[in-house]
Amino acid sequence: MNKSYITCPECGTINLNAAFCSNCGALLDVVARRKLERELEFTKKAKLKASLKKEPSKIETFLKNGTEHSNVLIRLIFQGGYYIWLFFALIFGALISLIVAAAAG
């Protein structure tokens with residue numbers, strides 16, 4: 001069997017053919033350490049994506065539910081209201097971006 005001495009990156013102890021440090025218990029295998037770091041990074045990204053999912057506002061939900069109503073007349077009224085709301089939201093966003101751009105110079 002090949003003897004390989006690995007120095008612990010945490011405490012500096014020299015270990016013989018071990019996956020973990022005999023002094024502090026740190027992981028010595030570079031491949032396993034990188035795999036563990038990748039898994040931790042992936043779970044952090046997944047949690048971040050889950051937290052960034054934004055629910056629609058109450059007015060959007062109300063108008064969207066009305067557009068799926070079983071009565072045709074109510075559905076048309078809600079569709080018109082939804083598109084008017086969307087139009088004004090876009091105009092308001094454009095005005096905010098214009099003000100920010102003008103302030104930036």
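1. Strand β2. L16 sits in strand β2, which covers residues 14-16. The model is predicted, and that applies to every point below. At 43% relative accessible area, L16 is partly exposed. Setting aside neighbours within four places in sequence, L16 is in contact with K3, S4 and Y5. L16 is also 10 residues from I6 in sequence, with their C-alpha atoms 6.4 Å apart in space.

2. Cysteines. How many disulfides does the structure hold? The count is 0. C21 is in no disulfide, and its nearest cysteine sulfur, that of C11, is 3.6 Å away. C24 is in no disulfide either; here the nearest cysteine sulfur belongs to C8, at 3.6 Å. In general, a disulfide is a covalent bond that joins the sulfur atoms of two cysteines.

3. Is C21 buried or exposed? C21 is buried, with a relative accessible area of 6%. C24 has 41% relative accessibility and counts as partly exposed. The cut-off for buried is under 20%, so C21 falls in that class. C24 lies between 20% and 50%, so the label is partly exposed.

4. Salt bridge. A search of the whole structure returns 1 salt bridge. Which residue pairs with E41? The partner is K45, and the closest N and O atoms are 3.5 Å apart. The cut-off is 4 Å, so the pair qualifies. Both E41 and K45 belong to helix α1, residues 30-52. They are 4 residues apart, about one turn of the helix. An α-helix has 3.6 residues a turn, so residues three or four places apart point the same way. E41 is partly exposed at 45% relative accessibility. K45 is partly exposed too, with a relative accessible area of 48%.

5. Helix α2. This helix spans residues 58-67, and L63, G66 and T67 are buried in it. Why do these residues line one face of the helix? Viewed down the axis of α2, the buried residues fall within an arc of 105°, so they line one face. What do they pack against? The buried residues of α2 pack against α3.

6. T67. This residue is part of helix α2. Its relative accessibility is 13%, so T67 counts as buried under the 20% cut-off. Not counting residues up to four places away in sequence, T67 touches R75, F78, Q79 and Y82.

7. Nonpolar patch. I84, F87, F88, I91, L95 and L98 make a nonpolar surface patch of about 630 Å². One of its members, L95, is found in helix α3, residues 72-104. L95 is partly exposed, with 47% relative accessible area. Patch residues need over 30% relative accessible area, so L95 clears that threshold.

8. L76. This leucine lies in helix α3. Is L76 buried or exposed? L76 has 54% relative accessibility and counts as exposed. The cut-off for exposed is over 50%, so L76 passes it. How far apart in space are L76 and F92, C-alpha to C-alpha? The distance is 24 Å, for a separation of 16 residues in sequence.

Key:
Residues numbered from 1 in each chain as written. Predicted model: local features only at pLDDT ≥ 70, side-chain atom pairs only at ≥ 80, totals over all residues. Heavy atoms only, no water. Disulfide = S-S within 2.5 Å. Buried < 20%, exposed > 50% of the residue type's maximum accessible area, 1.4 Å probe, protein only. Patch = residues over 30% accessible without salt bridge, like charges linked within 9 Å, V, L, I, M, F, W, Y side chains within 5 Å. Areas by Shrake-Rupley, 256 points an atom, 1.4 Å probe, with all protein chains shown as cover. Salt bridge = Lys/Arg side-chain N within 4 Å of Asp/Glu carboxyl O. Helix = DSSP H or I, 4+ residues; strand = E, 2+ residues; numbered from the N terminus. Arc of directions from axis to C-beta. Contact = heavy atoms within 4.5 Å.
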